[in-house]
Amino acid sequence: MCLILVAWRAHPDFPLVVAANRDEFHDRPSAAAQFWDDRPEILGGRDLECMGTWLGATRAGKFAAVTNFRDPSEPTAAARSRGLLVSEFLGNGARPGDFVAHTASEGAAYRGFNLLSADRDELWWLSNRGSGPKRLDPGVYGLSNHLLDTPWPKVRRGKERLARALEGAPALDSLLDLLADSSHAADSDLPDTGVGLERERMLSAARIVSEPYGTRCSSALVVTRAARVYFAERSFDRSGREQDTLRYEFTLSG
């Protein structure tokens with residue numbers, strides 16, 4: 001997952017609104033969003049290589065998502081899958097603050113990551129490249145492959161678009177549409193994360209269209225004050241063409 005936009009208690013009728021793009025190698029096997037057979041309380045896509053997920057929610061009101069922290073100098077061997085952080089939080093009874101505190105103590109087991117975890121009462125962010133867990137106040141946040149709210153062009157633009165969507169009632173299709181921008185940032189606005197100018201240019205798009213790596217799907221999640229959840233996932237093929245859009249709707253338990 002390489003772009004996550006979150007509105008946390010920024011609208012009186014919608015305590016949680018999420019729009020997110022998952023960027024991944026096209027050859028990595030994964031399953032589309034669904035309620036999992038082995039953990040039926042979890043809704044989300046699934047990485048079939050390590051059995052974690054990049055983004056998910058539960059019937060009890062939990063939400064979590066993860067991005068990697070871009071560092072090409074970081075070793076890739078013998079690290080635990082970051083997607084397991086999401087599935088473990090969603091599948092256990094821990095509160096977000098307790099979970100991120102425990103995870104912070106084990107951060108060295110993972111390559112660089114950002115984790116967002118929430119229940120109905122609180123939202124936390126943790127990066128093992130940051131200064132420790134942070135409980136987030138109401139507001140609009142953006143996360144890509146650096147620290148929270150690092151002002152990369154797609155993060156800045158995404159937050160602005162999400163804020164505009166909150167001026168009315170945020171609809172799933174409008175959230176998916178705001179993720180669809182495949183234009184590249186100007187070279188003068190690009191960060192230098194050590195991957196070279198051409199790749200920085202390609203990765204600067206909100207929706208990446210490229211081989212062998214690109215945006216595999218876009219996700220939108222809206223939770224209402226009345227505890228109704230609306231979720232959609234739109235998938236893309238290797239050439240960036242839109243494929244299926246899956247939709248789910250349910251009421252939070254309890």
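1. The buried residues of helix 1 pack against strand 4 (42-47), strand 5, strand 6, helix 2 (96-104) and strand 7, where contact means heavy atoms within 4.5 Å. Helices (H or I, at least four residues) and strands (E, at least two) are DSSP runs, numbered from the N terminus. Helix 1 itself spans residues 83-91 and is mostly covered, with 7 of its 9 residues buried, namely G83, L84, L85, V86, S87, F89 and L90. Buried stands for under 20% relative accessible area, exposed for over 50%, and partly exposed for what lies in between (1.4 Å probe, protein chains only).

2. On provenance, this is a predicted model, in which local features need pLDDT of at least 70 and side-chain atom pairs count only at pLDDT 80 or more, while totals for chains, interfaces and linings use all residues. Residues are numbered from 1 along each chain as its sequence is written, and side-chain values use heavy atoms, with hydrogens and water left out.

3. Strand 6 (residues 63-68), one of the elements packed against helix 1, is mostly covered as well, since 5 of its 6 residues are buried. Strand 5 (residues 55-58) is joined to strand 6 by 3 bridges and runs antiparallel to it, two strands being paired if DSSP finds at least two bridges between them. A57 stands opposite F63 in strand 6, and in the hairpin of these strands, which has 4 residues between them, G61 takes a positive phi near 105 degrees. Strand 6 also pairs with strand 7 (residues 113-118) in the antiparallel sense over 6 bridges, and there F63 stands opposite A118.

4. An open sheet of 6 strands has the order 10-1-2-11-12-13, with antiparallel pairing. Its edge strands are strand 10 (139-143) and strand 13 (242-251), each of which pairs on one side only. Neighbouring strands of this sheet are turned by 10 degrees against each other on average, direction ignored; axes are lines fitted to C-alpha atoms, for helices over the stretch in contact, and angles run from 0 to 180 degrees between N-to-C directions. Within the sheet, strand 2 (residues 16-25) and strand 11 (residues 213-223) run antiparallel and are joined by 10 bridges, A19 having A220 as its bridge partner. Helix 3 (residues 153-165) lies across strand 1 (3-8), strand 2 and strand 10, and runs at about 35 degrees to strand 1.

5. How many aromatic pairs does a search of the whole structure find? It finds 6, with rings of Phe, Tyr and Trp (its six-membered ring) pairing if their centres lie within 6.5 Å, and planes under 30 degrees apart counting as stacked, over 60 as edge-to-face and the rest as tilted. The rings of F25 and Y213 have centres 5.1 Å apart and planes at 70 degrees, so this pair is edge-to-face; because F25 lies in strand 2 and Y213 in strand 11, the pair ties together parts that are 188 residues apart in sequence. F25 counts as partly exposed at 44% relative accessibility, whereas Y213 counts as buried at 11%.

6. For the chain overall, the secondary structure comes to 5 helices and 13 strands, and buried residues make up 54% of the 254 residues. Among contacts between residues at least 6 apart in sequence, 56% join residues at least 24 apart.
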